[in-house]
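Please read it with the structure open beside you.

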Amino acid sequence: MDGCFGPQNLEALRNLICPPEDDSDAEDDLPQAGAKKLGPGNIGVSSAEPAQVYSGPHAPLRGADDDIWHPSEAVDAENAPDYDPRTVPEYEMRYKQAVTAEDVYLGMGFKTPGTASCEWLSVMVKLPQETREKVELSVESEAIDVRSPRYRLHLPTPHPVDPNASSAKWHNDTFILEISLKLTRELDNINF
């Protein structure tokens, strides 16, 4: 009979649904003689295995035995933020763009109200009880640094700027330093 199950077919179906205990999927089963189980403690070079010497650009970094990290992985002291007891002044950043009548009324330009069409970044730094002579300003392509006897502000800029095309203005009545930074972005000729 073709449609009947015999004892061999029933045994095969039982083994398919409930595999026997000696199946190779069990965790305690090791297929190779002498093989050992590996765990998280086996990551890296074992002290029992002989150390291989690697050279070239793909060699592992090696420092002194008690070092936590290699000297090349340590943070550069020049770029690390240093502790300064002076207070950080209040500041405000604004984007500016030069708009002509063609942009406003005719819509002929490619400018949009978004920050992608802005050419300038204006930073207003409030320095109460300071004078212009005591304020030092340093403008780099990626950051600005404002220092005075009471205040210190190191501010990374959101976009690269041109330090040579930037300017600063001191407002005596409000004790505000206004810094106008010329933005230099990739694809500037396409954005404008």
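1. Start with R152. At 13% relative accessibility, R152 counts as buried, where buried means under 20% relative accessible area, exposed means over 50%, and partly exposed lies in between (1.4 Å probe, protein chains only). R152 sits in strand β5. Helices (H or I, at least four residues) and strands (E, at least two) are DSSP runs, numbered from the N terminus.

2. A word on the source. This is a predicted model, in which local features need pLDDT of at least 70, side-chain atom pairs count only at pLDDT 80 or more, and totals for chains, interfaces and linings use all residues. Residues are numbered from 1 along each chain as its sequence is written, and side-chain values use heavy atoms, with hydrogens and water left out.

3. Which residue forms a salt bridge with R152? It is D145, and the closest N and O atoms are 3.3 Å apart. A salt bridge is a side-chain nitrogen of Lys or Arg within 4 Å of a carboxyl oxygen of Asp or Glu. The side chains of R152 and D145 are also joined by a polar contact of 3.3 Å. A polar contact is a pair of N or O atoms within 3.5 Å; within protein, one must be able to donate a hydrogen and the other to accept it, and residues adjacent in sequence count only if both atoms are side-chain atoms. D145 counts as buried because its relative accessibility is 11%. Salt bridges link D145, R147 and R152 in a network.

4. Now look at the strands around this network. Strand β4 (residues 143-147) pairs with strand β5 (residues 152-156) in the antiparallel sense, over five bridges. Two strands pair if DSSP finds at least two bridges between them. The bridge partner of D145 in β5 is H154. Together β4 and β5 form a hairpin, with four residues between them.

5. Other salt bridges deserve a check. A search of the whole structure finds seven. One of them joins R14 and E11, whose closest N and O atoms are 2.7 Å apart. Why are R14 and E11 about one helical turn apart? Because they are three residues apart in helix α1. R14 is partly exposed, at 48% relative accessible area. E11 is partly exposed too, at 36%.

6. R94 and E92 also meet through their side chains in a salt bridge (3.0 Å, N to O). R94 has 44% relative accessibility, so R94 counts as partly exposed. E92 is at 37%, so E92 is partly exposed.

7. Accessible areas come from the Shrake-Rupley method with a 1.4 Å probe; for residues, only the protein chains shown count as cover. L10 lies in helix α1 (residues 7-17). Its relative accessible area is 48%, so L10 is partly exposed.

8. Is S166 buried or exposed? S166 is buried, with a relative accessible area of 17%. It lies in strand β6 (residues 161-171). The S166 side chain reaches the backbone oxygen of D162 at 2.7 Å. A polar atom of that side chain also lies 3.3 Å from the backbone nitrogen of K182. Leaving aside residues up to four places away in sequence, S166 touches S180, L181 and K182. Contact means heavy atoms within 4.5 Å.

9. T131 is in the loop between β2 (120-126) and β3 (136-139). T131 is partly exposed, at 35% relative accessible area. T131 and F175 are 44 residues apart along the chain, yet their C-alpha atoms are separated by 7.5 Å.

10. Finish with the whole chain. It has three helices and seven strands. From the N terminus on, the elements run α-β-α-β-β-β-β-β-β-α. Of its 192 residues, 18% count as buried. The chain exposes about 15600 Å², and carbon and sulfur atoms supply 54% of that area. Among contacts with a separation of 6 or more, 52% come from residues 24 or more positions apart.
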